[in-house]
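Have a look at the picture before reading on.

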Amino acid sequence: MDNSLTLLGLLSVEPSYGYDLKHTYDRFFGVRKPLAFGQVYASLARMTRDGQILSLADEAGGGPDRKKYEVTEVGRTRVSQWMFTPDIPSETLQSNLFAKTIIALLVDDNADRLLDVQRTEHLARMRELTREKQGADLMRVLLCDHALFHIEADLRWIDLTGARLTQLRNEIKLP
């Protein structure tokens, strides 16, 4: 996920202070991994430099002056382009699990065990996500469903690869 563009999208809703923007981001997207304040302010600085947002008048308070930011037309155009540019599903054909499987076969280790260990981890994560969905709001349910569907695809790959390990072992033998 592109944090800067997501922040720009949130600013497109209404002008906001960096502090409030960070908390809005975390509410929607950072439940498991909140965004650092430094990352928010670095993104705001880049967006200001690039003409995507502008800083409204500073407000004095008990601490440092607070800056409120609003999106410019350039920023709104950028958000629109980002939203309607489709994401490329898995740009590369490389994955860590695939690499581990090949290496296990090359070093004549137990690739079946590797796949079983990974399957167990995936199933545990599926149980966590399923529990998390119980009583959750629709936004959380949809986020969990997205993760669950990806895990299901990985599990199908693990099963298919497990059934083909002998053939794969024969194909990758080093000369």
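A residue is called buried when its relative accessible area is under 20%, exposed when that value is over 50%, and partly exposed in between. Keep in mind that this is a predicted model.

Together with Phe37 and Tyr41, Tyr19 makes a nonpolar patch on the surface, and the three have about 290 Å² of accessible area together.

Now for helix α3, residues 37-49.

Which residues of α3 are buried? They are Val40, Ser43, Leu44 and Met47. Looking down the axis of α3, you'd find the buried residues within an arc of 100°, so they line one face of the helix. There's a handy rule behind this kind of pattern: an α-helix has 3.6 residues a turn, so residues three or four places apart point the same way. The buried residues of α3 pack against α1 (3-11), α2, β2 (53-55) and β3 (68-71). On the other side of α3, Gly38 and Arg49 are exposed. Just after the helix comes Gly51, with a positive phi of about 75°.

Next up are the charged pairs. Side chains of opposite charge can pair when their charged atoms come close. The count of salt bridges here comes to 8, including these:

| Salt bridge | N to O distance |
|---|---|
| Lys22 and Asp26 | 2.2 Å |
| Arg49 and Asp50 | 2.9 Å |
| Lys133 and Asp145 | 2.5 Å |

Where do Lys22 and Asp26 sit relative to each other? Both are in helix α2 (residues 18-28), and because they are 4 residues apart, about one helical turn separates them. Both Lys22 and Asp26 are buried.

The pair of Arg49 and Asp50 looks like this: Arg49 is exposed at 61% relative accessibility, while Asp50 is partly exposed at 40%.

Lys133 forms a salt bridge with Asp145. Lys133 belongs to helix α6 (residues 111-133) and Asp145 to helix α7 (residues 138-163), so this pair ties together parts that are 12 residues apart in sequence. Lys133 is partly exposed at 26%, whereas Asp145 is buried at 18%. Elsewhere, salt bridges with shared partners join Asp116, Arg119 and Asp159 into one network.

Terms used. Residues numbered from 1 in each chain as written. Predicted model: local features only at pLDDT ≥ 70, side-chain atom pairs only at ≥ 80, totals over all residues. Heavy atoms only, no water. Salt bridge = Lys/Arg side-chain N within 4 Å of Asp/Glu carboxyl O. Helix = DSSP H or I, 4+ residues; strand = E, 2+ residues; numbered from the N terminus. Buried < 20%, exposed > 50% of the residue type's maximum accessible area, 1.4 Å probe, protein only. Patch = residues over 30% accessible without salt bridge, like charges linked within 9 Å, V, L, I, M, F, W, Y side chains within 5 Å. Areas by Shrake-Rupley, 256 points an atom, 1.4 Å probe, with all protein chains shown as cover. Arc of directions from axis to C-beta. Contact = heavy atoms within 4.5 Å.
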